[in-house]
Structures are given as structure tokens and as C-alpha cells.
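Student: Can you walk me through this one? I'd like to start with the fold and then get to the ligand.

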Amino acid sequence: MPTEAKWWQSAVIYQIYPRSFADGDGDGMGDLKGITQRLDSLASLGIDAVWFSPFFRSPQKDAGYDVSDYKDIDPLFGTLGDFDTMLEKATSLGIRVIVDLVPNHSSDQHALFQAALKAAPNSPERDMYMFRDGKGDSGELAPNNWESVFGGQAWTRITEPNGELGQWYLHIFDSSQPDFNWENEAVKLEFDSVLRFWLDRGVAGFRIDVAHGMAKAPGLPDLKQNLSTMTGLEDKNSQAHPFWGQDAVHDINRRFRSVLDEYDDRAMCGEAWLPTIEKMAKWVRPGEYHQTFNFNYLETPWDKAKLETVVNESLIGFGAVGAPSTWVLSNHDVIRHATRMGYDKVPKQGDGIGPNYPQPDEAKGQRVSRAATAFMLGLPGGAYLYQGEELGLPEHTTIEAKYREDPTFFRTKGERVGRDGCRVPIPWEAHEPAFGFNKTGESWLPQPASYQRYARDTQEGIAGSTLELYKRLLKVRKEFDMGNGELIWAPEHASENSLAYKNNGVLVLANFTGSAISMPAGELLATTQHDLLVEEVLEHDQVVWIKL
Ligand code: TEU
């Protein structure tokens, strides 16, 4: 007997970045009240769930990924009451709510870290985090050579309560984000309780931050030169990395899972940047995560052979552990795909694009990203969308240094501009202050003038707009239950520069570069090419969905 399909296996989940979705109080920073007011519009897109980037209490040194209280809302975004109102509204619209859990590190302002600073070396308080004595005659050298993902050393030396320089603490990210010691049972208990707090409040699950980084190699050995300190994605052949993807992290995965299993129908998605799909698939083995972002897919360019390979590898790799693939093209850490896909070569993930970098080809980016989305949304499995991509929103690539907030920018002295360009408040109405983000025109990051052209009200109900394309794709996807379908390649419908697959009675045909191709017969269900009916050939960088 086949078991009933679970919601998360096929769900389309929309990422809300609370700082930049909608600003109810007009202070330039998005908030929960603003989000609640815009939920009706969001529901019309046809999504199944939303994932919220962190809105917990935080000094905002890393845009909320530095949490000082996991069980409260930061006043910037509202109150727990505002959260409950939002949740109730979302639920009434049939939208599940997923929150972000940040268990690898807390803020340095978290009560536990503050207590650790005040306590003595080797105390139970210090043992909640990764404190070590330094090397050198007087402990003046960092305990090992690890570097922060955001640049610079991954260790910071503290001043002991007696006023003398003392131990060092590990931070894989910013110095304001000390890593927890996940070998300590008290840390595990703390997070069991955080999970239950939000599950009791009614969330459908979690997106788990840095899901591949919590376990560190015993003894904290030096990083060998050939191992990337970043995501490791470029090091396909690397052996064990001392902090990415250590075996012990799977015990933590199982611990989280056992808490979720105390509740009905909840799910968690791992943010695990790993070099191969085979490695990623370990995160979604039975008893571990429900989903894990398919970042190899995100990093695959619009290229026929490469896409075919990554889809095959994904279906085989995730299929081998009985999990669906979770497709994704954009999020708050990467260059928006409407811009990324306008380049032949893009900067490394997380580095961003600034005014000094060659500027993007906007038209190409629009064309290719629409095609890439239409190709992705036809695939079986789950999918994540990032706020604004349904508008075809490009990256802001010319943000001036004075507005930058990403710690990457500061830790690398501007060498890597970082991720602010994909985090800019999104446009709702072309002719309102801040393009409808709020009523005052304030905006924590400046919006580029071009966002006026992408505003939601310029696309709503307009045939051929990116917004209407997304709505159509999501509608057909649901109607044909493509998320729970099975992919069968259809080379009989493809040519040299095109790729075709069938899924639950729908043929998805993608034309890559080169000449136009003729269309197979059948009812046209959706297309990226606005004039398709007139021309009856599929141009390059276009995708069509046909009923078989
Ligand atoms: O990101 C973790 C991560 O490893 C990368 O995506 C990272 O942002 C990138 O390599 C930077 O160059 C997660 C969050 O998604 C990110 O926003 C946070 O900054 C980070 O964790 C720390 O919590």
C-alpha cells in the first residue's frame, strides 16, 4: 500500500525575509504587522507555506541570524501577539508557517554567552560554547587556523573577569555569533525546548540554519589548505572537513527529528551547503530531516547538459534514501537568479555584486530566469521561492558602501561586498512611497529606481508578466499534482538544444540557446513565451508546458 503523500514532499514554500517584505509601522524595517496585511496577496500566488527568516530577539549584527532570545520576537518586528495574529491569518488562508532555527551559534548578547564570559575557564557555563586556550607562550595565538565564513579569523580572544586577556571562542561566522558546543547535553536540552516552544505555538516546522556545521572534528584540527572554509561546494573531492558535514551532526539531526515527531505532520528543512548531492542526501535519510535544500541545483547554470545531469543526480541521490528533492534557485544569501542568470560567470556564493563589478545584462537575466523557474516548477518534489522572485526582481548591484550591513563587507574591508543586494525591500505599488513597502518612504536598504518597473501592481492581471507566469505555473503544478509525480525524460520531443520531460501528464519542454524549435501538439498549459500562440515556435531560453 503506498503511504499517503505528506504535504512537505511536494510543497511550494515561499521565503519571507521579514526585514524587507512589508513595513507596517513605517520605520523602514519590515515587520509582522506589515506581513499580516499583505498575506492575502501572497495567498493568490498559490503557495503552500511560508518560511520566515529570523524575527527573534537579536542585536541584528547578521540581520537576525544572531539570536539573543530564541523564544521572543525582536521589537523591530513586533511581539509574540503579532506573530500569533499572523499565524492565525496564514492558517485561515491555508498557508503553513515555518520558522528559522539558528542552532549553530547564538548572539554574543544571549544570556548563556554572557554567563559564559563571566564564568571561569572550564566551567559548565563556558562549556556551552567553544572556548579554548590560545597557542603561543601567553596564549596570544588562535587555537587553530580556521577562518570565518565572513572573512578573518574564526576565533576571538576575550578579556577574563579579572581584566586579563584570556581564552578564545570559536565563531564560524561573525565574532558576534559564538558557536555552541553541541557535545554538551545542556545545549541539546536548550534546543529541545526552543523547538517545542514554536511547535506548541502552531508552526508547521523549521528551516534549520547551518545544518551541516554544528559538529566539529574532535580536537579541532587545523584546516588543510585545500579545504574550503566557505561552503565547500567547490571542493567536490575533499575529504572530511573539520566543521562542515562531520558525521556526528547526524545525531543532532535525529535529536531534532525526535522532537518534531512528538507532533503531527511537522517538517524541517536543512540548510546544508555540501559538495555533492550524495552527501546532501544523508541529511534526509529516514529519521533525519524531511527536506534539505538542493543547493547543487541552485548553482547549476542554464545549460542543457548540466541541468540534465543535476536533475538525474538529484533523483537518484535523494531517491536512494526515499526522499524527494527540494528545488531552489534563490534565497537571502545568493545573488537573485534574475540577475545571476544574466551573467556567464558569477562571483562566489555570498560575495555579492557591487558597483565596481561588471553590471548585469538585465534582459538576459529576465529571460533566462523565467525559463529556469518554469523548468524547476515542473519537477517532482518540493520547491522554495524567495520573496520578489515572483516579480522577476533583480539584485540591487550598485548599493553604496555607506548603506551596507552584511558582516562580510566589514570583515573583508569591502573586498567582498556581501549579500545586501538580494535583501532590499520589495516593491508592491509603483507609485507609492518606497514602492508600497510602507507609507513613509523609509527603507533600511535603498531600493533601486528599477524596482518601480517590477512593482507587483504593474504585473497583477497583466498577461505575460512574471507574476502571472508564477501563478499559472503553480496552478497547473497543483492541478496535475506534479510535486508528487514522476519525471520521465522525453527525448522524442527534444532537439539538439532543447530538453523535454514528462511529469503526471504534462510535457515540459525547454529550449536553451540557439534556434527556435517547433512545438509538439497538445493543449498549452503554461509558457514563458508571451507570443507563443502566434509564432508557434519556441524561441531560445523559453519553456512551455503542454498537456499530453
Ligand atoms: O548561511 C550559512 C552559510 O554557510 C552561507 O549561506 C553563508 O551565508 C554564505 O556562505 C556567506 O558567504 C546561514 C544564513 O542563511 C545566513 O544568512 C547567515 O548569515 C548564516 O547562516 C549565519 O547564521
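Tutor: We'll take the sheet, then the helices, then the ligand site. Keep in mind that this is a predicted model.

Student: Fine. What is the strand order in the open sheet of 8 strands?

Tutor: The order is E11-E10-E9-E5-E2-E1-E13-E12, and the pairing is parallel.

Student: Which strands stand at the edges?

Tutor: E11 (291-292) and E12 (326-328) do. Each has a single partner strand, so one side of each is left without a neighbour in the sheet.

Student: How many bridges join E1 to E13?

Tutor: There are 4 bridges. E1 covers residues 12-16, E13 covers residues 382-386, and the two run parallel.

Student: And which residue of E13 does Tyr14 stand opposite?

Tutor: Leu385.

Student: What does helix H3 touch on the sheet?

Tutor: H3 (residues 80-92) touches strand E2 (49-52) and strand E5 (96-101). The direction of H3 makes about 140 degrees with that of E5.

Student: Now helix against helix. At what angle do H2 and H3 pack?

Tutor: About 10 degrees, with their axes 9 Å apart. H2 spans residues 32-43. Angles under 35 degrees count as roughly parallel, so H2 is roughly parallel to H3.

Student: Which residues make that contact?

Tutor: From H2, they are Leu32, Lys33, Ile35, Thr36, Leu39 and Asp40. From H3, they are Asp82, Phe83, Thr85, Met86, Lys89 and Ala90.

Student: How far apart are the axes of H3 and H5?

Tutor: They are 11 Å apart, and the angle is about 50 degrees. H5 is the helix at residues 185-201. That angle makes H3 oblique to H5.

Student: Who makes the contact there?

Tutor: Leu80, Phe83, Asp84 and Leu87 of H3 meet Phe197, Trp198 and Arg201 of H5.

Student: On to the ligand. Which of the 20 residues around the ligand come nearest?

Tutor: Asp62, Asp209, His332, Asp333 and Arg419.

Student: What are the polar distances for Asp62, Gln349 and Arg419?

Tutor: A polar side-chain atom of Asp62 sits 2.6 Å from a ligand oxygen atom. For Arg419 the distance from such an atom to an oxygen atom of the ligand is 2.7 Å. For Gln349 the corresponding distance is 3.1 Å.

Student: How much of the ligand's accessible area does the protein cover?

Tutor: 100% of the 490 Å² that the ligand has on its own.

Notes. Residues are numbered from 1 along each chain as its sequence is written. This is a predicted model: local features need pLDDT of at least 70, side-chain atom pairs count only at pLDDT 80 or more; totals for chains, interfaces and linings use all residues. Side-chain values use heavy atoms; hydrogens and water are left out. Two strands pair if DSSP finds at least two bridges between them. Contact means heavy atoms within 4.5 Å. Axes are lines fitted to C-alpha atoms, for helices over the stretch in contact, and angles run from 0 to 180 degrees between N-to-C directions. A residue is near a molecule or strand if one of its heavy atoms lies within 4 Å of it. A polar contact is a pair of N or O atoms within 3.5 Å; within protein, one must be able to donate a hydrogen and the other to accept it, and residues adjacent in sequence count only if both atoms are side-chain atoms. Accessible areas come from the Shrake-Rupley method with a 1.4 Å probe; for residues, only the protein chains shown count as cover. Angles under 35 degrees count as roughly parallel, over 145 as roughly antiparallel, 65 to 115 as roughly perpendicular and the rest as oblique.
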